[in-house]
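Q: Please take a close look at one part of this structure. I am new to it and would welcome a connected account that also describes the rest of the chain.

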Amino acid sequence: SAYLNNTLFTLDIALRKKAVKKLTGSGILHKGTMLFYNLDNRILTSKDYEFGKTIEFLDEFNIEPSSICFEVSEKYYIECSDYLIDLLRNYKKQGFGIAIDDFGVKFSGLEYIYHFEPGFVKVDRFFISDINKNHKKDYLSNMWLACAQS
């Protein structure tokens with residue numbers, strides 16, 4: 001796998017470029033639409049990680065960082081270290097959006113919400129489906145919404 005071979009970030013950058021190129025060619029990103037890009041959070045600690053690569057290629061396509069939102073998933077747990085928190089804050093300072101994806105699937109994500117201060121929280125479908133019929137789901141969604149807004 002790319003992660004085990006320490007090439008995950010390099011592969012991910014190639015995929016980011018491909019996604020941006022496709023959307024730029026369609027004109028979607030130039031109309032104020034935001035690309036939500038699933039970020040394999042392991043790349044942030046990958047040995048081939050290089051800060052600033054996304055900004056470099058966005059300039060090539062004349063795309064603003066505010067058009068990209070990185071979705072940090074709970075698929076792979078990574079500790080909320082100072083390094084990781086600073087890294088995501090730098091993304092936000094550059095204008096990128098940050099989202100927590102699949103919230104509630106594995107590790108509860110409350111620590112991610114606290115430290116990463118995302119602009120978006122995408123709650124897992126399990127907690128949303130039939131929410132109008134399930135008081136526990138309704139209660140949890142309101143609790144998470146209150147946490148995300150504070």
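A: D12 has its place in helix 1. Helices are DSSP runs of H or I with at least four residues, strands are DSSP runs of E with at least two, and both are numbered from the N terminus. The model is a predicted one, in which local features need pLDDT of at least 70 and side-chain atom pairs count only at pLDDT 80 or more, whereas totals for chains, interfaces and linings use all residues. Residues are numbered from 1 along each chain as its sequence is written, and side-chain values use heavy atoms, with hydrogens and water left out.

Is D12 buried or exposed? D12 counts as buried because its relative accessibility is 7%; buried means under 20% relative accessible area, exposed means over 50%, and partly exposed lies in between, with a 1.4 Å probe and protein chains only. Leaving aside neighbours within four places in sequence, D12 is in contact with Y37, L39 and I43, where contact means heavy atoms within 4.5 Å.

R16 forms a salt bridge with D12, and the closest N and O atoms are 2.6 Å apart. A salt bridge is a side-chain nitrogen of Lys or Arg within 4 Å of a carboxyl oxygen of Asp or Glu. Side chains of opposite charge can pair when their charged atoms come close. The side chains of D12 and R16 are also joined by a polar contact of 2.6 Å. A polar contact is a pair of N or O atoms within 3.5 Å; within protein, one must be able to donate a hydrogen and the other to accept it, and residues adjacent in sequence count only if both atoms are side-chain atoms. R16 is buried as well, since its relative accessible area is 2%.

Helix 1 itself spans residues 8-26 and also holds T24. T24 counts as buried because its relative accessibility is 15%, and its side chain reaches the backbone oxygen of V20 at 2.6 Å. T7, by contrast, lies in the segment before helix 1 and counts as partly exposed at 36% relative accessibility. Apart from neighbours within four places in sequence, T7 is in contact with A2 and D48. T7 and S46 are 39 residues apart in sequence, and their C-alpha atoms are 7.8 Å apart in space.

Another salt bridge joins the side chains of E56 and K53, at 3.8 Å from N to O. These two residues are three apart in helix 2 (residues 53-61), so about one helical turn separates them. E56 is partly exposed, with a relative accessible area of 47%, and K53 is partly exposed at 27%. E50, K53 and E56 are linked in a network of salt bridges.

Rings of Phe, Tyr and Trp (its six-membered ring) pair if their centres lie within 6.5 Å; planes under 30 degrees apart count as stacked, over 60 as edge-to-face and the rest as tilted. By this rule there are seven aromatic pairs. In one of them, the rings of Y91 and F96 have centres 5.6 Å apart and planes at 90°, so this pair is edge-to-face. Y91 is buried at 3% relative accessible area, and F96 is buried at 3% too. Y37, F51, F70, Y91 and F96 form one aromatic cluster.

Finally, the chain as a whole. Its secondary structure comes to six helices and four strands, and from the N terminus the elements run α-β-α-β-α-β-α-β-α-α. Of its 150 residues, 39% count as buried. Among contacts between residues at least 6 apart in sequence, 71% join residues at least 24 apart. The chain exposes about 9,000 Å², of which carbon and sulfur atoms supply 53%; accessible areas come from the Shrake-Rupley method with a 1.4 Å probe, and for residues only the protein chains shown count as cover.
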